Amino acid sequence: MAFEPPERLARALAETSDDGDTVWREQLPGLVEEALGACGAVPERVHAPGGRGSVVVLVRLADDAPAALKLAPPSAAPQAEALALERWDGWGACRLLARPAPGALLLERLRPDVSLRSLAQAKALLEAADTLRKLWVEPPAEGRLVPTVAERTAAQAATLEEAPGMYRPLADAALAARTELLADPPEELLLHGAYGQGKVLAGDRAPWLAVGPSPVTGERAYDLARLGLDRVEDLVGADTGGSTSRRRLSRLADSLDVDRERLHGWTVFRAVYGGMAAVRQGRRGLGEALLEYAGWL
């Protein structure tokens, strides 16, 4: 098939300094063809706009069953994603059908253009919380391939240590929260790692199923914090954004029996790091919204 990566992925790959990702980008057309041949799939179309960390090709298998072929660069740790999907085995998440080639995952086809973002905010949060609850299980036996929250956030913390002066108060608050939270973790569960309303798609086997994990092991509050950041630009633009944000976190914590203070701490850390990363990547609107949100907390 004639292949061009979606523009969003191409931009993200152009920003990377990872040598492995650079090689992967150059080899991507051939990798797609190899994976298609390995699973005997006929491509229909590349899903666009897609994400910043992978390419998804909608395909038909030999028996005409629909599926999705996902290829991700080495930095996205596709082997860890595969382990998480195997561990969930379709419970709350799309089902992994096969690993046809290195870095390639053949997945159950969902409705890629219908996510929880299509619902009203209150309904979307309710459905998102219900789906996320199903994903919190014991880690897979090959747990060494899935990083811990401490390991995942170590490089992020190092970045915050170097925050420029205008961001220092927020960066220091985020670093202090991380240190306190990691001192006494309450549990060690398999987490989605990048959970948000856009990562929950409509399906046939179940109304909503999670996709695109960046799995880690750790406490539920870390996972839930990312959900609390959803639609942050809408929150920041509202007159009552600050109070609405705090109430939303409290409701999420109570609905999933997560400690409010721990959720607050991880939300601060993820908002500050995410905001600074977005600013560095040129996504200033999102970055400033996340940083303002963190300031409210």
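Helix axes are lines fitted to C-alpha atoms over the stretch in contact, and angles run from 0 to 180 degrees between N-to-C directions. This is a predicted model, in which local features need pLDDT of at least 70 and side-chain atom pairs count only at pLDDT 80 or more, while totals for chains, interfaces and linings use all residues. Residues are numbered from 1 along each chain as its sequence is written, and side-chain values use heavy atoms, with hydrogens and water left out.

**View A. Packing of helix 7 (residues 220-228) with helix 10.** The two helices (DSSP runs of H or I, at least four residues, numbered from the N terminus) pack at an angle of about 55 degrees, with their axes 8 Å apart. Residues in contact (heavy atoms within 4.5 Å) include Tyr222 and Leu224 in helix 7 and Trp266 and Arg270 in helix 10.

**View B. The largest nonpolar core.** Such a core joins buried (under 20% relative accessible area, 1.4 Å probe, protein chains only) Ala, Val, Leu, Ile, Met, Phe, Trp, Tyr and Cys residues through side-chain atoms within 4.5 Å. Among its 73 residues, those touching the most other members include Leu85, Trp88 and Trp266; helix 10 (residues 260-280) supplies the largest share, 8 residues.

**View C. Arg284 in helix 11 (residues 284-296).** At 44% relative accessibility, Arg284 counts as partly exposed, that is, between the buried limit and 50%. Leaving aside neighbours within four places in sequence, Arg284 contacts Tyr167, Ala278 and Val279.
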